[in-house]
Amino acid sequence: MIYILIIIVLLYGSIHFNKKEDKGNKYLLFEYFLIVLVMGLRYKVGGDSLNYYYAFQSWPTLSEISSYQFDNSKYNVGWIFFSAICKAIYNDFVTLQLVEAAIVNAAFFYFFKKNTDRYFTANLLYGLMFLFTFNTELMRAAMSVSVFLLGFEFFKKRQWIKYYVLCLLAFSFHSESIVMFLFPICYPLSKIKVNIKNLFVLLVISLSAVYIFNFIPQLANLMSASNQMSIMFAIYSQNTVESNLNGYLAQIFFLMPWLFLLWLSRNEKYISWRGFLILYVFFTFQQLKYMVFMNRACDALYPFLIIAIVDSMKWIRRTKNDIIRLLFYLSLLVVISQRLYNYLGNEHWKLFIPYSSVISPQENYERENLLYIFQNPN
């Protein structure tokens, strides 16, 4: 299976180049082009991909854009322009897939190389945990996240004007990227002293926000600024839920590994991913009430989870405490297992398996029927 080949290639890179230099970035480029070709040449693989495959022909070409009714479209202007440019190259959905796969995976690989010296291990974790997510499922959001990752150096240097310009560009692809305008709060959060007391405070604040506050009216007013935002909010806010005690306990359990990674960073005065991880913990707790909305708010935070894991691996290698080391690997097992279940469990794996390419396309009507059931549960 082609996916196993990708994981083997990424695993070899993580092991072989753990201490050895990849001269000329040859193996890194090999990993990159392999993923781009596999994901770019897919045929009706992935739920989002199926939806956009059928919508593609209704989107305008460059010559038709001037008369396109953006106000009545549920797609943001940046995505429509991106589609039109792809159509100008070659008017087939595979062009959009290839160009997007090239951009998205370049953004992730670039981000990992700039922010960790063990970027091959980061690539492996990306392949295990988020390859399907950002290459077949969140196509518009993946472009938004990519813009953010490519411009993350502006964030690190606190060049806020340039950063917010990139936020606007990201927003032009998907309205969920409005959350990126809040990310500068992660800079002071990254300086917070990490100890058991502060982690407990984070836990209490996150749980209290779920129980006490109702963000729906305020968010509805904010989202009314554009048609696309209103449509997105109307869809996502329908998934407001009331979790029971078991739901709260389960969420605490699955977030404990991330709280543990925060604790492992306690000796670092400032580390760039810490604030994003704190925000991820808070947003994930809010999923107990705002399931889909807060889940989508986490999309741009996922790359920082990978960096947090890779950095923690370095600290674990230095510790002589076997209990701490065991807790870390148990945490890693929980994190990866949960992530795999999230996009493979409950028959979701059928959205990606079996793989089909445009070179030898095969129809999969079970996949299309399953997608309809997922999107229309009632």
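This is a predicted model: local features need pLDDT of at least 70, side-chain atom pairs count only at pLDDT 80 or more; totals for chains, interfaces and linings use all residues.
How many residues does helix α15 have, and what distance does the helix reach from its first C-alpha to its last?

**Figure 1. Helix α15 and its bend.** Helix α15, residues 245-264, has 20 residues. From its first C-alpha to its last the helix reaches 28 Å, close to the 28 Å expected at 1.5 Å a residue. A bend of about 40° occurs in α15 at Met 256, and a proline, Pro 257, follows within four residues. Pro 257 is itself one of the buried residues of α15.

**Figure 2. Packing of the buried residues of helix α15.** The buried residues of α15 include Tyr 248, Gln 251, Leu 255, Trp 258, Phe 260 and Leu 264. Leu 259, Leu 261 and Leu 262 are also buried. The partners against which the buried residues of α15 pack are α12, α16 (272-286), α18 (302-318) and α19 (322-344).

Figure 3. Leu 199 lies in helix α12, which comprises residues 196-212. Its relative accessibility is 12%, and Leu 199 therefore counts as buried, the cut-off being under 20%. When residues up to four places away in sequence are not counted, Leu 199 touches Val 194, Leu 259, Leu 262 and Trp 263. Of these, Leu 259 and Leu 262 are listed among the buried residues of α15. The C-alpha atom of Leu 199 is separated by 9.3 Å from that of Ile 278, although the two residues are 79 residues apart along the chain.

Figure 4. Helix α2 runs through residues 26-40 and has 15 residues. At 1.5 Å a residue the helix should span 21 Å, and its end C-alpha atoms are 21 Å apart, which agrees. Among the buried residues of α2 are Tyr 27, Leu 28, Glu 31, Tyr 32, Leu 34 and Ile 35. Val 36, Val 38, Met 39 and Gly 40 are likewise buried. Packing of the buried residues of α2 is against α1 (2-16), α5 (93-115), α6 (119-129) and α7 (131-137).

**Figure 5. Aromatic pairs involving helix α2.** The structure holds 61 aromatic pairs. One of them is formed by Tyr 12 and Tyr 27, a tilted pair with 5.5 Å centre to centre and 55° between the planes. This pair links distant parts of the chain, with Tyr 12 in helix α1 and Tyr 27 in helix α2, 15 residues apart. Tyr 12 is partly exposed at a relative accessible area of 42%, whereas Tyr 27 is buried at 14%. Tyr 32 and Phe 33 form an edge-to-face pair, 5.1 Å centre to centre and with 65° between the planes. Tyr 32 counts as buried at 13% relative accessibility, while Phe 33 is partly exposed with a relative accessible area of 48%.

**Figure 6. Glu 153 in helix α9.** Glu 153 belongs to helix α9, residues 152-156. The relative accessible area of Glu 153 is 18%, so this residue is buried. Glu 153 touches Tyr 110 and Lys 114, not counting residues up to four places away in sequence.

**Figure 7. The chain as context for the close-up views.** The chain contains 20 helices and zero strands. For 378 residues, a compact globule would have a radius of gyration near 21 Å, and the value of 21 Å for the chain agrees. Of these 378 residues, 53% count as buried. The accessible surface of the chain comes to about 18300 Å², of which 63% belongs to carbon and sulfur atoms.

Technical notes: Residues are numbered from 1 along each chain as its sequence is written. Side-chain values use heavy atoms; hydrogens and water are left out. Helices (H or I, at least four residues) and strands (E, at least two) are DSSP runs, numbered from the N terminus. The expected span of a helix is 1.5 Å times one less than its number of residues. Buried means under 20% relative accessible area, exposed over 50%, partly exposed in between (1.4 Å probe, protein chains only). Contact means heavy atoms within 4.5 Å. The bend at a residue is the angle between axes fitted to the seven residues ending there and the seven starting there. The radius of gyration is taken over C-alpha atoms; the globule rule is 2.2 Å times the number of residues to the power 0.38. Accessible areas come from the Shrake-Rupley method with a 1.4 Å probe; for residues, only the protein chains shown count as cover. Rings of Phe, Tyr and Trp (its six-membered ring) pair if their centres lie within 6.5 Å; planes under 30 degrees apart count as stacked, over 60 as edge-to-face and the rest as tilted.
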